[in-house]
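I opened my notebook for a friendly look through this model. Here is what I looked up, entry by entry.

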Amino acid sequence: REFGGTLHRAFVMLARGVSLASRRVLRIAGEEAIPFLQRILTNDVRSLADAGAAPVYAALQNAQGRVRHDLFLHREFGGALLADLPADGFKDALDALVKLKLRSPVTLDDAGEELGVVVAGGERSDRRHPTADGSAEWVPPVDPESKDDDILSFLQPDPRWHGLGLRGVIPAAAAAELLPAGADPDEAEAAYAQWRYALGVAEGSNELGGLLPLECNLAGLNAISFDKGCYIGQELTARTHHTGVVRKRIVPALFARRSQWIAKDSAGVGGRASTPQEQWSGHEVPSRGGDAHDERQKPRARPGMNVFLDGAPTTGKPVGKVIAARGDVGLILLRIEHLAKADSAEDLALVAHGNEERCHVDVRVNIPDWWDDTWLQSSLR
């Protein structure tokens, strides 16, 4: 079963690969580059010392154990590391790294004009499968100067989860060619964002900044090593992990005005969705009749809106907050005890409220298949 409308278009666009103008590449080089990153990041990056290494996903925290930035690290031919960062947080991340490296023999160079970040999902991601231990299978990178007809053929599986498709860094000129003539670059960005949201994956400091890494599900997305040595903010992250209790987590959400929800059956019963090709259990966002651009018919969920249990007074304590939204798809930070107590995700009715009059958006959430089965029950301790 397929999502209708924008998510289906996102799936089709990602199948052929898109370049992300919202990302910028930082080249990190020098004989102490890997030891430097090993001391400050949440994940173990020592594997990047090997030629052909798979990319690594990690986070930089502040001293209080909250996320400042997340980043993808790719090994470049010649041994330098390429950090894939959000463009809007690039300067702040670079300034932080400059301060942290002190006098280490490490160079930090903006490679954003030279290199671009590319992602591919859909049919391309189906070519890669998880290995026996559940991690993504990877292939050695190909020289970017090669004349391979398919420039995307050497992309690695996304290090967070194999269902996110492929990801890599390629020459900027080649990345620009992925966008068909006359296509809107913003549409590619929207497709990638909606794909992530449907899978329940936040990314970048605008979505993750200031949150605890376990609230962001970064342990489940292979961004944290609990076996490596010390790093910035490790104490709180390790203590929270070992207690096994995380009260709030980022979850995927569908937004709609109440009149837009269509129950799939009288009992509201359905299966669990795992990919954006599938309907979420119990409800779907219907195609809208009449003027497709009628703003009155579109959900108006926005980051920062408080989320309440449906029927609860909005003057009370919210159970969550919208952290990202693109049309009718987004992410909320939710107190998951409410999800754990519900018979199923489709039975949990939520509503998001803004400050202005009549800004009232219904919310339905989903449990991604990549979640650890223990997360919900541990929130009840």
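**Entry 1: salt bridges**

I began with Lys248 and Glu215, whose side chains meet in a salt bridge at 3.9 Å, N to O. I call it a salt bridge when a side-chain nitrogen of Lys or Arg is within 4 Å of a carboxyl oxygen of Asp or Glu. Lys248 lies in strand S10 (residues 248-256) and Glu215 in the loop between H6 and H7, so the pair ties together parts that are 33 residues apart in sequence. Helices (H or I, at least four residues) and strands (E, at least two) are DSSP runs, numbered from the N terminus. Lys248 is partly exposed at 29% relative accessibility, while Glu215 is buried at 9%. My cut-offs are under 20% relative accessible area for buried, over 50% for exposed, and partly exposed in between (1.4 Å probe, protein chains only).

A note on ground rules: the model is predicted, local features need pLDDT of at least 70, side-chain atom pairs count only at pLDDT 80 or more, and totals for chains, interfaces and linings use all residues. Residues are numbered from 1 along each chain as its sequence is written, and side-chain values use heavy atoms, with hydrogens and water left out.

Next I checked the total, and the count comes to 17 salt bridges. One of them joins Arg167 to Glu203, with the closest N and O atoms 3.6 Å apart. Arg167 sits in strand S9 (residues 166-171) and Glu203 in the loop between helix H5 (185-199) and H6, so this pair ties together parts 36 residues apart in sequence. Both ends are covered: Arg167 is buried at 0% relative accessibility, and Glu203 is buried at 7%.

I then looked at Lys341 and Glu337, a salt bridge at 3.6 Å, N to O. The two are four residues apart in helix H8 (residues 337-341), about one helical turn. Lys341 is exposed at 56%, and Glu337 is partly exposed at 21%.

**Entry 2: Asn217**

Where does Asn217 lie? I found Asn217 in the loop between helix H6 (205-208) and helix H7 (234-243). Asn217 is buried, with a relative accessible area of 0%. Leaving out residues up to four places away in sequence, Asn217 touches Gly200, Arg249, Ile250, Trp370, Trp371 and Trp375; contact here means heavy atoms within 4.5 Å.

**Entry 3: helix H2**

Last, I turned to helix H2 (residues 33-40), where six of the eight residues are buried. They are Ala33, Ile34, Phe36, Leu37, Gln38 and Ile40. Among the elements covering them I noted strand S2 (23-29), strand S4 (67-75) and helix H3 (90-101).
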